[in-house]
Amino acid sequence: MIRLPDPKPEVLARREAILAGLRAILPEGGVISEPLRLKPYETDGLSAYRQPPLAVVLPTSTEEVAAVLRLCQAEGVRVVPRGAGTSLSGGALPLADAVVIGLMRMNRILEVDYANRLAVVEAGVTNLGITNHVSADGFFYAPDPSSQLACMIGGNVGMNSGGAHCLKYGVTANNLLGVKLVTMAGEVVEIGGRHLDAAGYDWLGLITGSEGQLGIVTEVTVRILRSPEGQRAMLAAFRGTEIAGQAVDAIIGSGIIPVALEFMDRPCIHACEAFAHAGYPLDAEAMLIIEVEGSVAEQDMLLGKLKEICNRFDPISLKVAQTAEESLAIWKGRKGAFGAVGRISPDYLCMDGTIPTGELPFVLKRIGEMSAQYGLQVANVFHAGDGNLHPLIMFDANDPASFHKAESFGADILKLCVEVGGCLTGEHGVGVEKRDLMGVQFTEAELAQQRAIKSAFDPAWLLNPAKVFPLDGNPALQRAA
Amino acid sequence: MSDSVLAPADEAELAASVAAAAAAGTPLAIEGAGTKRGLLRPVQAARTLSLRGLSGITLYKPQELILSARAGTPLPEIEAALAEHGQHLIAEPPSLTALFGTEGPPTLGGLVATNLSGPRRISGGAMRDHVMGIRAVNGKGEVFRSGGRVLKNVTGLDLCKLLTGAHGTLGVLTEITLKVLPGPEATGTVAVAVADLAQGVQVLSAGLGSPYGVSAAALLPAGGGGLAGMQAVLRLEDFAESVAYRGARLRAELAGFGAVQWLEGAASRALWDAVREAAPLGAEPGEAVWRVSVAPGEGPGVVAAAGCPKALLDWGGGLVWLAGPATEARHAAVMAAAAAAGGSFTLFRAPEALRAAVAVLPAEPPALAAIGARVKAVMDPAGILNPGRMRAGL
């Protein structure tokens, strides 16, 4: 179980005064404090953990965010920023003495500039909302986390979100030009702008993925790209995970970087097929979904090369989509993978380590052995091109023993990822979920240095303080009761 | 002179040297090959810490698109290793030895510390986008790591990005892991004759707004790249079939703007090598050179406002290279032009007196400058790493 810091008694004691201060800042309905209305905010995508906050505020402008932070700074109140609450690592999990700052009312698209290929949006605009806004004009915003229908760009910046297409287009950090950041002291700073590579320290790069611990992002300037002429997928199924891994190596070695290269293992194929009836081969040990882009002739050329490569590895089946509809059918199972696993198991934990792709067969073998040891099923779906692994560990949340086993199993998988040269998290963030594993990847001196950088932004450790860094050594707790 | 150069043979020795310098309060000038000594402000340091002893590729997995090398590794050694597997550095970093009048080749550490990217920046990302992992020594002499050797990693604060482009002021990079990619099978360039800068940027925007995956887009002054008149040039890099197809489509779509030419293979490569090194700018030895970054549409306005007769626009118009008299007045004009356009500038090359006298980078807002000073104090409390390199007194 993950420990949360003790609430500050002096903050709990001043609750009414703090609420009155917040109400004076925010418009009608902008402060939520009734227990029943706090319910929806007590958890996020890591729903095993719940904690109602002191209050939730829903600001509508950067100035309101700044005023709330000034008040919280003056009162010593911890704050937890929140977008859509889709974090799978508990990044938006509240604390009992914290004010949750929900950015969902800041949901305006402020500007789209096609000539300069950028959009300026508020933090509460959804990821897909950006693409939907510009798609009629042939443009898109590239990072596409699976939660893109709901998740918000402010949260994407906080977590440096990735997606299925980042092998070609990069993650959030690679697609930003600027942010408006409110510091814990309530100062509003513009970082970056409408241009590339601002001279000076790369604050934009440091803030992206800092999990809301350095400031609150209220506005984001993103790059938008012109969509390719078209895209099409193929499916290749193999007799073994090792063989599929070799096929991935051969594809990359051929000079083709597919726009997406997804890997599913046998349990995942079965779960998805039962759910989506996508026509996945049930006798395969591993399956790849490969997508290419360009004109129809270019797609044919690339898919032809890919088919030839896959054929060298004795595939059980190869299916090249002939139409956009067939392509969607191939993706249907993969896109529904989390839902499909949810159908066969009451609950699951979605892990997120990254490994060197060459270690895939070994890691999958070890995960299989651990699955037998823990007595918990696991399905693996994997961004094969970049080594980002998503094992889905199935358990029953009504059985505390099952949940604890699932957590231990997950921790063992992440330790294995680090052991083979990878990392704890590729795109979901550390949050609370992986916080206590940070010592597996970093030395105490490295963690101390990162903590000191956070302190440079937030000396009193009020911004999302229980996340990312193990509580031992966390300056936020030095004065806890 | 040789007494003042520290040349550790490995990371442990380097860390010990930095720790000793910190204890003694001895400022260090951090140096790879020294090819960009003329960049930004002159460093006032008692000793030079050379990275030349830390050289060599430590890991290369072509199938994993990952290469690690020690910071002092010369660029050609890395490029040759990649070329053996048909791969390349995505950001197409320039060496700029001709511009600075220095002897090459630059080192990997220097390229990362300066975060300099070439024409492919607009499609493939900057150097900073491909630094997947670092090992470094902070100003206290402590070795630390950030990132790793995988392509996707959000574990902890991204100090790879913080140190990339920090010009050695926050830590001494000792080893760097980069994402690399397969190089293109073919390349071709569409050149469109344009009347002026504004029309040129329109052509570049039209190309970059097309679905053909333009990998680089620059605006050459008359005579630049060996072409007559002012030319908007747009590059395609891909499999040969794609380059042929997309080149034809792009030529057809841009033909309405002006006379169109098509350069292939070696001619295309030579043109972009020149753009990467800012050669078409034609900066004379005595002139100052500025590098301004703005939204592409602002490029022509910056050129006009800065009043520099020599300009080269890259990155679709957003990277403005300017050359002109090395005077404080001209520098003030460039600063004002960049600020008015909402962009950023670097006094890239100038005589030492000018570089020491003026702000070579834009000032940060006070709140951010205060945070920056605290971050610098965390990483380099004794203030011994490249003091004054980026800003006076820091």
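Trainee: Is A:Q373 buried or exposed?

Mentor: This is a predicted model. A:Q373 sits in helix α14 of chain A, residues 360–374. Its relative accessible area is 61%. The cut-off for exposed is over 50%, so A:Q373 counts as exposed.

Trainee: How far apart in space are A:Q373 and A:F409, C-alpha to C-alpha?

Mentor: Start with the sequence. A:Q373 and A:F409 are 36 residues apart there. In space, C-alpha to C-alpha, the distance is 9.2 Å.

Trainee: Which residues of α10(A) are buried?

Mentor: Look first at what covers them. The cover includes β13, β14 (286–293), α12 (324–335), α13 and β17 (378–383) of chain A. Buried here means under 20% relative accessible area. The buried residues of α10(A) are A:C268, A:I269, A:A271, A:C272, A:E273 and A:A276.

Trainee: Which residue just after α10(A) takes a positive phi?

Mentor: Go to the position that follows the helix. The phi there is about 45°. The residue just after α10(A) is A:H277.

Trainee: How much area do domain 1 and domain 2 of chain A bury between them?

Mentor: The contact takes 14 residues from domain 1 of chain A and 15 residues from domain 2 of chain A. Carbon and sulfur atoms carry 66% of the buried area. The total buried between the two domains is about 1300 Å².

Trainee: Which element gives the most to the side of domain 1 of chain A that touches domain 2?

Mentor: Four elements each supply at least two residues to that side: α9 (241–253), β13 (260–265), α10 (266–276) and α13 (337–344) of chain A. The top contribution is five residues. The element that gives it is β13(A).

Trainee: How many residue pairs are in polar contact across the interface of domain 1 and domain 2 of chain A?

Mentor: Take the charged pairs first. The salt bridge count across this interface is zero. For polar contact, with both residues at pLDDT 80 or more, the number of residue pairs is five.

Trainee: What area do chain B and chain A bury between them?

Mentor: The contact takes 76 residues from chain B and 84 residues from chain A. B:K152, B:V154 and B:L157 supply 14% of the area that chain B buries against chain A, more than any other three residues. Of the total, 58% lies on carbon and sulfur atoms. The buried area is about 6400 Å².

Trainee: Which residue of chain A forms a salt bridge with B:R145?

Mentor: There are six salt bridges between chain B and chain A. In the one made by B:R145, the closest N and O atoms are 2.6 Å apart. The partner is A:E446.

Trainee: Which helix supplies the largest share of the side of chain B that touches chain A?

Mentor: Across the interface of chain B and chain A, 28 residue pairs are in polar contact, both at pLDDT 80 or more. The largest share of chain B's side is nine residues. They come from residues 366–379 of chain B, helix α14.

Conventions:
Residues numbered from 1 in each chain as written. Chains lettered and ligands numbered in written order. Predicted model: local features only at pLDDT ≥ 70, side-chain atom pairs only at ≥ 80, totals over all residues. Heavy atoms only, no water. Buried < 20%, exposed > 50% of the residue type's maximum accessible area, 1.4 Å probe, protein only. Contact = heavy atoms within 4.5 Å. Buried area = accessible area lost by both parts, 1.4 Å probe. Salt bridge = Lys/Arg side-chain N within 4 Å of Asp/Glu carboxyl O. Polar contact = N/O pair within 3.5 Å; in protein donor to acceptor, adjacent residues only side chain to side chain.
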